[in-house]
Amino acid sequence: MLYAILCYNDEDLIGAWSKADDDACMVRLQAVERDLKRAGRLGPVARLLPTTAATTLRKGRDEPLVIDGPFAETKEQLLGFYVVDCDNLEAAIAVAKDLAVANPGSGAYEIRPVGLFRDGVDSLPQSPMTAVAP
Amino acid sequence: MTDRAWIDAAITAARPQAVGALLRYFRDLDIAEESFQDACLRAMRNWHLNGPPRDPTAWLIMVGRNAGIDGTRRRAKQTALPDEAQISDLEDAETALVERLDGNQYRDDVLRLLFICCHPDLPATQQIALALRIVSGLSVKQIARAFLVGESAMEQRITRAKARVAGADTPFETPGAVERSERVAAVSAMIYLVFNEGYSAGDDSARAGLCDEAVRLARLLLRLFQTEPEIMGLTALMLLQHARSGARFDAAGEIVLLDDQDRTQWNAAMIAEGLALIDKAMRHRRPGPYQVQAAIAALHARAAKPQDTDWVEINALYLALERLQPSPVVTLNRAVAVSRTEGPQAALELIEPLAERLSGYFHFFGVKGALLLQLGREREARGAFDQAIALANTAAEAAHIRIHLDRLTRDARAAGAKA
């Protein structure tokens, strides 16, 4: 069974960490990742950039509505996510629109640039990618 | 993370909202700051015993409000005057829990707090110092170090700035739409001043921290006004410029020009965030000076190698910026793009009419010298570089120009030896 573990915290708080605190936290997390990876149990790992860089594509209309900011509805739940390599935001929105056509109706896709991505097989630095979460 | 570290981070994160709310209750900056200070002391005693509260900001506002009311009552007794008027709106103080859900109130609180630091009577350096003290909560010592002045001098400067602000009419009523966007513009300019104070400091780490602080304030502002393309532009601009900070100076502290920078040293996460923000902003089709400058920075960031840079587009963007915000400095920057697309002669012709207005500007003579050098007019280039050195703002700027001069001298000697 695969489990996705989603990370939540107060962005203002993380933003107030010193660089040293942030770096130290990433080192501690990497130690956890290393053990999981050695056991062959680790899938992709991503750190998303701040929600201020987020765009949301709202479904449920003929032409989906693109709005600034993160997904903020509490009556809908996170059901899954994609990681897609895109040249720019337009390309990411285009992907989300394709997804909306394939899965029409209510809901939304939140588009968040990814700041750190490790694919779980090796730890080579990758080009920045964009996450599209439903 | 130690208890102390996360409590510090929580207090820093809560500060703008908490002090902003306390300022609205007490309508007095000193009382607001003192009560916040009081709340912080209690947080330090309390939180590591009882664990963090669910909403540290709301906790600090509640405790700070009570501390402020106690303090005001105590002072009122001492002066034997019932000074309830000091506490303006008891009613809205009591609805703090309801307010927690009301983002708009917080939004105007934080904006007001930022806005009072931008009082037009305050010179730029005092605006920055005041914002760093009141909004960011840096200590006077930290701010003094960033400005390279003594602690007592900075203390005085901040006290004077505060007195000036207190004497002015602080606008406490909820702003209208026009008023609000004027405040946003003033606050954006102030945040960019904080950034530039850090950016122009070069590789001095105490001051370079100001860039991070400016980015943090911009993100805060953007979270409050998520659909404002100019705040997206401002945030993107600062991120894209700040992303290069690791490559702007060599080991000896000398300036490394954009073309010569090791682009692998650029911060990829900051660039990704900056590009995402400028992409978002452009979708609004409401261009402004920050967005255009960010778009220029984005073209540099997107070029993996210097020769990939789209100078034609950069020239077009500077033309747009000249229309939005006419200034000789913008034209000077465009001249650099023109030198890449049309050659140094065309660029020189573009900047010659600026000579009078930029006669005290280091970069004017730096650019002029470089263009003259490209045209082989070495004697005139030397003259321009001499003037640049005399106007240099930092040791690194002077050293950078001296490299050109030394090379000219060396070449002249070599030519002399050959002859």
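Reader: What is the handedness of the crossing of H1(B) and H2(B)?

Author: In this predicted model, H1(B) passes H2(B) in a right-handed crossing.

Reader: Why is H1(B) called roughly antiparallel to H2(B)?

Author: The axes of H1 (residues 3–26) and H2 (residues 29–50) of chain B cross at roughly 150° and come within 9 Å. Angles over 145 degrees count as roughly antiparallel, so H1(B) is roughly antiparallel to H2(B). The residues of their contact comprise 17 nonpolar, 3 polar and 5 charged.

Reader: What makes H14(B) roughly antiparallel to H15(B)?

Author: For H14 (residues 289–302) and H15 (residues 311–324) of chain B, the axes cross at roughly 165° and come within 9 Å. The cut-off is over 145 degrees, and therefore H14(B) is roughly antiparallel to H15(B). Their crossing is left-handed. On the H14(B) side the contact residues include B:Val292, B:Ile296 and B:Leu299, and on the H15(B) side B:Trp311, B:Ile314 and B:Leu317 are among them. By class, the contact has 11 nonpolar, 2 polar and 1 charged.

Reader: How do you know that B:Gln261 is buried or exposed?

Author: B:Gln261 has a relative accessible area of 9%. Buried means under 20%, so B:Gln261 is buried. The residue lies in the loop between H12 (229–242) and H13 (268–282) of chain B.

Reader: Which residues does B:Gln261 touch, not counting residues up to four places away in sequence?

Author: B:Gln261 touches B:Arg244, B:Ala247, B:Arg248, B:Val256 and B:Trp266 on that count. A polar atom of the B:Gln261 side chain lies 3.1 Å from the backbone oxygen of B:Val256.

Terms used: Residues numbered from 1 in each chain as written. Chains lettered and ligands numbered in written order. Predicted model: local features only at pLDDT ≥ 70, side-chain atom pairs only at ≥ 80, totals over all residues. Heavy atoms only, no water. Axes fitted to C-alpha atoms, helices over the stretch in contact; angles between N-to-C directions. Helix = DSSP H or I, 4+ residues; strand = E, 2+ residues; numbered from the N terminus. Parallel < 35°, antiparallel > 145°, perpendicular 65-115°, else oblique. Left-handed = near helix turned anticlockwise from the far one by under 90°. Contact = heavy atoms within 4.5 Å. Nonpolar A, V, L, I, M, F, W, Y, C, P; charged D, E, K, R; others polar. Buried < 20%, exposed > 50% of the residue type's maximum accessible area, 1.4 Å probe, protein only. Polar contact = N/O pair within 3.5 Å; in protein donor to acceptor, adjacent residues only side chain to side chain.
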